[in-house]
Amino acid sequence: MPLADPLPAPASGRFIAAVHHFPLRIYFEDTDLSGLVYHANYLRYMERARSDMLRIAGIDQRANHEGGEGVYAVTDLKLAYRRPARLDDDLMVVSQMMEVRAASCVIQQRVMRGEDILTDGVITVAYLTPQGRPQRQPRPWIEIFSRLMRGEDIHP
């Protein structure tokens with residue numbers, strides 16, 4: 001039986017003024033016995049948000065990986081846990097490019113509940129060869145990141 005309307009796509013967030021906003025909801029599987037979100041899950045939320053930020057910015061990580069050109073890997077991570085998230089909370093992961101270098105990027109990410117910052121992070125990712133050595137990022141990617149850092153809308 002055909003559906004009258006197409007099924008919704010998974011949430012991928014969107015850019016607002018060059019800042020990526022990724023919505024998520026807390027489920028029972030995200031929490032520990034105390035009913036709070038387990039601390040390592042915030043890293044998973046940030047990873048999902050970064051991946052979708054890159055995807056909708058036009059960066060095809062999968063094609064680069066499958067083509068043997070390179071991949072991103074987290075090389076530095078600074079997190080501050082400020083407040084806990086709980087079952088059924090609606091959260092937003094807010095991601096913003098902070099610095100672009102030849103072979104790496106620095107991204108600030110905040111997990112928010114409304115106006116409250118729950119987790120504040122600064123993540124450095126390096127672009128690596130398939131053998132794990134740092135290499136220059138593709139020039140078009142650096143241009144996209146530079147535009148985001150300047151606050152430009154990449155989808156005018």
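User: How many helices and strands does the secondary structure of the chain come to?

Analyst: Helices (H or I, at least four residues) and strands (E, at least two) are DSSP runs, numbered from the N terminus. In this chain there are 3 helices and 6 strands. Their order along the sequence is β-β-α-α-β-β-β-β-α. The model is a predicted one, in which local features need pLDDT of at least 70, side-chain atom pairs count only at pLDDT 80 or more, and totals for chains, interfaces and linings use all residues. Residues are numbered from 1 along each chain as its sequence is written, and side-chain values use heavy atoms, with hydrogens and water left out.

User: What box do the C-alpha atoms of the chain fill?

Analyst: Taken along the principal axes, the box is roughly 45 × 45 × 30 Å.

User: How should I read "buried", and what share of the residues in the chain is buried?

Analyst: Buried means under 20% relative accessible area, exposed over 50%, and partly exposed in between (1.4 Å probe, protein chains only). Of the 156 residues in the chain, 36% are buried.

User: Which residues does Asp 52 touch, not counting residues up to four places away in sequence?

Analyst: A contact means heavy atoms within 4.5 Å. Asp 52 lies in helix 1 and touches Ala 11, Ser 12, His 20 and Phe 22, with residues up to four places away in sequence not counted. Asp 52 counts as buried because its relative accessible area is 10%.

User: Where is Ala 57, and is it buried or exposed?

Analyst: Ala 57 also has its place in helix 1, and with a relative accessible area of 9% it is buried. Leaving aside neighbours within four places in sequence, Ala 57 is in contact with Phe 15, Ile 144, Ile 154 and His 155. The C-alpha atoms of Ala 57 and Gln 108 are separated by 16 Å, with the two residues 51 apart along the chain.

User: What about Met 112: why does it count as buried?

Analyst: Met 112 counts as buried because its relative accessibility is 14%. Met 112 is part of strand 5. Beyond its neighbours within four places in sequence, the contacts of Met 112 are Asp 90, Leu 91, Met 92, Val 94, Ile 117 and Leu 118.

User: For the chain, what share of contacts between residues at least 6 apart in sequence joins residues at least 24 apart?

Analyst: That share is 63%.

User: Which residues lie nearest the centre of the largest pocket?

Analyst: On a 1 Å grid over the protein atoms alone, a pocket is an open set of points where a 1.4 Å probe fits, with protein on both sides within 12 Å along at least five of seven lines; lining residues have an atom within 4 Å of a point. Here the largest pocket is lined by 18 residues, and Glu 47, Leu 54, Gln 61, Tyr 72 and Val 125 lie nearest its centre. The elements giving two or more residues to this lining are helix 1 (41-57), helix 2 (61-66), strand 3 (71-81), strand 5 (104-113), strand 6 (116-128) and helix 3 (139-149).

User: What is the phi of Ala 18, and where is Ala 18 found?

Analyst: Phi of Ala 18 is near 70°, a positive value in a residue other than glycine. Ala 18 sits in the loop between strand 1 (14-16) and strand 2 (19-25), and it counts as buried at 6% relative accessibility. Asp 88, not a glycine either, has a positive phi of about 75°. Asp 88 belongs to the loop between strand 3 and strand 4 (90-100) and is exposed, with a relative accessible area of 54%.
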